[in-house]
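Hi,

Here is the structure I promised to pass on. Have a look, and my notes follow below.

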Amino acid sequence: MMSGFDNPMQTWNARYAREEYHFGEEPNAFVRAHAHHLQGSRSALCVADGEGRNSVFLAERGLAVTAFDFAPNAVAKARRLAARRGLHVDHRLADIFAWDWTAATYDAVVAIFIQFLPPEDRERIFAGMKSAVRPGGLMLVEGYRPEQVDYGTGGPPLRENMYTREWLASQFRDWDILELNPYDAAIHEGHGHDGMSALIDLVARRSSAAP
Ligand SMILES: C[S@@+](CC[C@H](N)C(=O)[O-])C[C@H]1O[C@@H](n2cnc3c(N)ncnc32)[C@H](O)[C@@H]1O
């Protein structure tokens with residue numbers, strides 16, 4: 001497992017130690033803009049959810065949300081964010097490499113900026129996330145493209161951890177890809193992501209007849 005940090009959990013936990021929310025309290029813009037796809041969805045899993053900005057937003061929209069992150073400070077802040085808004089989210093402290101993808105299926109799985117995954121682990125984790133989507137359900141992914149390393153406005157300086165259009169298309173070739181958009185845009189998400197960014201968004205639906 002290669003994340004660019006000697007001790008990824010401690011590094012993330014230290015980032016989240018301050019009162020301020022590292023990526024802000026507002027949902028990720030892609031999640032907000034694509035939430036209409038989730039009309040009719042009842043449940044969602046937010047993976048590596050950080051301080052809860054996306055899970056809480058989805059709970060606000062009436063979904064039953066499970067979310068996890070491996071940094072205790074992140075999960076504590078996510079729980080506080082939900083409590084402040086009077087919402088319930090099942091926030092769990094868990095490592096993505098130990099998550100039991102077979103334990104439950106969800107109407108949607110949401111993975112926003114999980115660029116800590118190195119290429120050698122990424123396919124396996126994506127297979128796990130896909131298996132946690134019920135047939136007919138959705139996967140929402142936003143990440144960086146390799147060009148992001150030149151912008152240096154967020155994410156690890158590891159080109160190989162980023163997504164290309166081809167890689168995402170190949171991972172979801174057995175699904176109905178509703179959107180697969182590489183683009184550059186300025187994003188402002190707390191101190192964590194700030195400035196012109198090389199992004200890629202995916203919305204894909206698992207076939208209702210999926211095995
Ligand atoms: C760039 S942040 C994105 C957080 C959140 N998805 C968001 O958009 O606000 C990446 C997150 O991955 C978490 N993370 C890193 N490695 C992880 C692992 N092995 N298991 C679970 N979470 C992990 C970090 O703690 C951090 O919260």
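A word on classes before anything else: Ala, Val, Leu, Ile, Met, Phe, Trp, Tyr, Cys and Pro count as nonpolar, Asp, Glu, Lys and Arg as charged, and the others, Gly among them, as polar.

The model is predicted, with local features needing pLDDT of at least 70 and side-chain atom pairs pLDDT 80 or more, while totals for chains, interfaces and linings use all residues. Numbering starts from 1 along each chain as its sequence is written, and side-chain values use heavy atoms, leaving out hydrogens and water.

Now the ligand. Tyr 16 places a polar side-chain atom 2.5 Å from a ligand oxygen. Ile 96 has a backbone N or O atom 2.8 Å from a ligand nitrogen, and a polar backbone atom of Ile 112 also lies 2.8 Å from a nitrogen of the ligand. On its own the ligand exposes 590 Å² (Shrake-Rupley method, 1.4 Å probe), and the protein buries 97% of that.

So where does the ligand sit? The space it takes is the largest pocket, meaning that more than half of its atoms lie within 2 Å of the pocket's grid points. A pocket here is an open set of points on a 1 Å grid over the protein atoms alone, where a 1.4 Å probe fits, with protein on both sides within 12 Å along at least five of seven lines; lining residues have an atom within 4 Å of a point. The lining has 21 nonpolar, 11 polar and 6 charged residues.

Cheers

How values were computed
Polar contact = N/O pair within 3.5 Å; in protein donor to acceptor, adjacent residues only side chain to side chain.
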